[in-house]
Amino acid sequence: MTTMTEKPAPTEPIGAEAGAQGFDDLLRTVEELDTPAGFKAELIRGKIVVSPWSKLRFLRPMRSLRRQLEDHAPAGHIVETSPFLFRFPAVERAYGPDLYVADESAFDADGRHADGEALSLVAEFTSVSTRDADWDEKLDVYGRTVPVYLVVDMEGREITCFADPSSHGYRARKTVSFGAPLAVPAPFDCKIDTAAF
C-alpha cells in the first residue's frame, strides 16, 4: 500500500472485466487494510485510494454544519461524521464522506459498508488531496442517487449545494461565499448559516 499526504494514492486497479466480483474483492481489501492513523481508504475511479482525513481547521465548519442539519434531517435519518464507507455497486465505487445524513436502518447490518441508497445528503470538505475527486468523480456518482450534495470548498471559502439527482447528474446548483446563508432543498428545506465556516 502507498500513502501520501499531498495527493490521494491509488493502489489497486479494477479492470473493466472485473465486474461485481472484483468490486466485492476490493471492498474486502479496503476492509482489511491497516491504514495509518489519520488516513482513510476509498474506491475512487476504480482504485483503492488512501488519503488523509480532514485538517484540524475543518472541525468547526463540520460541527456547525452537523448541528444545523440535525434539526432538519428526514425522519429516521442521522447526521454523522463517523468513518464508514457507502457503496455504489452499479458503478463499482465506495466513498467515506466527511459528513453524511443517512437512514439509520442502514447501520443495522453486520457488514462494514453501508448502501449508498441510504444517503439523503453528503458533504465533502475539499482539500488539496481530495479536490478533484470531490468535484468530479463523487459529483457524478452522488448526482445519480443522493438527494443533496454539499461541496464545502475550504480554499475557495464557498459552499455549493447540488440537488435534484437524475440519471445524468444533478439538475440544480447554488453556490454562496462563506458568511452568506445557503438554502438546502428537500428533504431538508432549511437555510445553512455559513458564518462559522
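The legends below describe close-up views of one predicted model.

Residues are numbered from 1 along each chain as its sequence is written, and side-chain values use heavy atoms, with hydrogens and water left out. Because the model is predicted, local features need pLDDT of at least 70 and side-chain atom pairs count only at pLDDT 80 or more, while totals for chains, interfaces and linings use all residues.

**View 1**
Six strands form an open sheet with mixed pairing, in the order S4-S7-S9-S10-S11-S12. Strands (E, at least two residues) and helices (H or I, at least four) are DSSP runs, numbered from the N terminus. Two strands pair if DSSP finds at least two bridges between them. Strand S4 (77-80) and strand S12 (172-177) stand at the edges. Each has a single partner strand, so one side of each is left without a neighbour in the sheet. From one strand to the next, the twist averages 15°. Axes for such angles are lines fitted to C-alpha atoms, for helices over the stretch in contact, and angles run from 0 to 180 degrees between N-to-C directions.

**View 1. Strands S11 and S12.**
S11 and S12 pair in the antiparallel sense over six bridges. Phe 162 stands opposite Arg 173 in S12.

Thr 160 lies in strand S11 (residues 158-163). Its relative accessible area is 1%, so Thr 160 is buried. Buried means under 20% relative accessible area, exposed over 50%, and partly exposed in between (1.4 Å probe, protein chains only). The side chains of Thr 160 and Thr 175 are joined by a polar contact of 2.8 Å. A polar contact is a pair of N or O atoms within 3.5 Å; within protein, one must be able to donate a hydrogen and the other to accept it, and residues adjacent in sequence count only if both atoms are side-chain atoms. Leaving aside residues up to four places away in sequence, Thr 160 touches residues including Trp 135, Tyr 149 and Arg 173. Contact means heavy atoms within 4.5 Å.

The structure holds eight salt bridges. A salt bridge is a side-chain nitrogen of Lys or Arg within 4 Å of a carboxyl oxygen of Asp or Glu. One of them links Glu 137 and Arg 93, with the closest N and O atoms 2.5 Å apart. Glu 137 lies in helix H3 (residues 131-145) and Arg 93 in strand S6 (residues 93-95), so the pair ties together parts that are 44 residues apart in sequence. Both Glu 137 and Arg 93 are buried.

Asp 134 and Lys 138 meet in a salt bridge (3.6 Å, N to O). These two are four residues apart in helix H3, so about one helical turn separates them. Asp 134 is buried at 0% relative accessibility, and Lys 138 is buried at 2%. Arg 144 forms another salt bridge with Asp 140, the closest N and O atoms being 3.1 Å apart. About one helical turn also separates Arg 144 and Asp 140, because they are four residues apart in H3. Arg 144 is partly exposed at 40%, as is Asp 140 at 36%.

**View 2. The loop at Ala 106.**
Ala 106 lies in the loop between strand S7 (99-103) and strand S8 (113-115). Ala 106 is partly exposed, with a relative accessible area of 21%. Its contacts, not counting residues up to four places away in sequence, are Ala 114 and Ala 118. The C-alpha atoms of Ala 106 and His 77 are separated by 9.5 Å, and the two residues are 29 apart along the chain.
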